Amino acid sequence: MNIKLLAIGRTDDKQLLQLIDQYVKRLSHYIKFDLEIIPDLKNTKNLSEAQQKEKEGELILKKLSPTDVLVLLDENGKQFSSVDFSNHLQKRMNAGIKTLVFVIGGPYGFSEAIYAKAQQKISLSKMTFSHQMVRLFVVEQLYRAFTILRNEPYHHR
């Protein structure tokens, strides 16, 4: 299985980028992983929230192939403990999924078209985090999940 993380907008914070890169490198020892950034929309002042979500949704859909399994990082999604998330990933791998795609939306969330295409919604917390921080949290939790599955000492139970 391959895992892809799609995110709207680039990260400006160099320290965050270094941490994200560190976990992406660690993750590559376990699975083929890609982090793909979809550039921020230009001239959003002239767009309503709905129009912005719609345009971002179109950009996300262009990055997907028909066999991809789409998982949205959404505040109303299912919450997992780290161990439960690792077990969930194992089930996904056992199901023969070719590519599992996690998506971090733009500032207003996702369009209806993206919700309709998604097979799952996952919430990292009831709290709100910046989109840049969420990228780090997702790659760290993916790394943690694989260390749990391999009984490696990263995660303390």
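User: Is Phe 110 buried or exposed?

Analyst: Buried means under 20% relative accessible area, exposed over 50%, partly exposed in between (1.4 Å probe, protein chains only). Phe 110 has a relative accessible area of 4%, so the residue is buried. This is a predicted model: local features need pLDDT of at least 70, side-chain atom pairs count only at pLDDT 80 or more, and totals for chains, interfaces and linings use all residues. Residues are numbered from 1 along each chain as its sequence is written, and side-chain values use heavy atoms, without hydrogens and water. For Phe 110 the value is 4%.

User: Which kind of pair do Phe 110 and Tyr 115 make?

Analyst: Rings of Phe, Tyr and Trp (its six-membered ring) pair if their centres lie within 6.5 Å; planes under 30 degrees apart count as stacked, over 60 as edge-to-face and the rest as tilted. Here the centres are 5.8 Å apart and the planes stand at 85 degrees. The pair is therefore edge-to-face.

User: Why does the pair of Phe 80 and Phe 85 count as tilted?

Analyst: Their ring centres are 6.0 Å apart. Phe 80 is partly exposed at 22%, while Phe 85 is buried at 9%. The pair counts as tilted because the planes lie at 55 degrees.

User: Which residue lies over the face of Tyr 23?

Analyst: Tyr 23 forms one aromatic cluster with Tyr 30, Tyr 143, Phe 146 and Tyr 154. A charge sits over a ring if NZ of Lys or CZ of Arg is within 6 Å of the ring centre and within 35 degrees of the ring normal. At 4.8 Å from the ring centre of Tyr 23, the residue is Arg 26.
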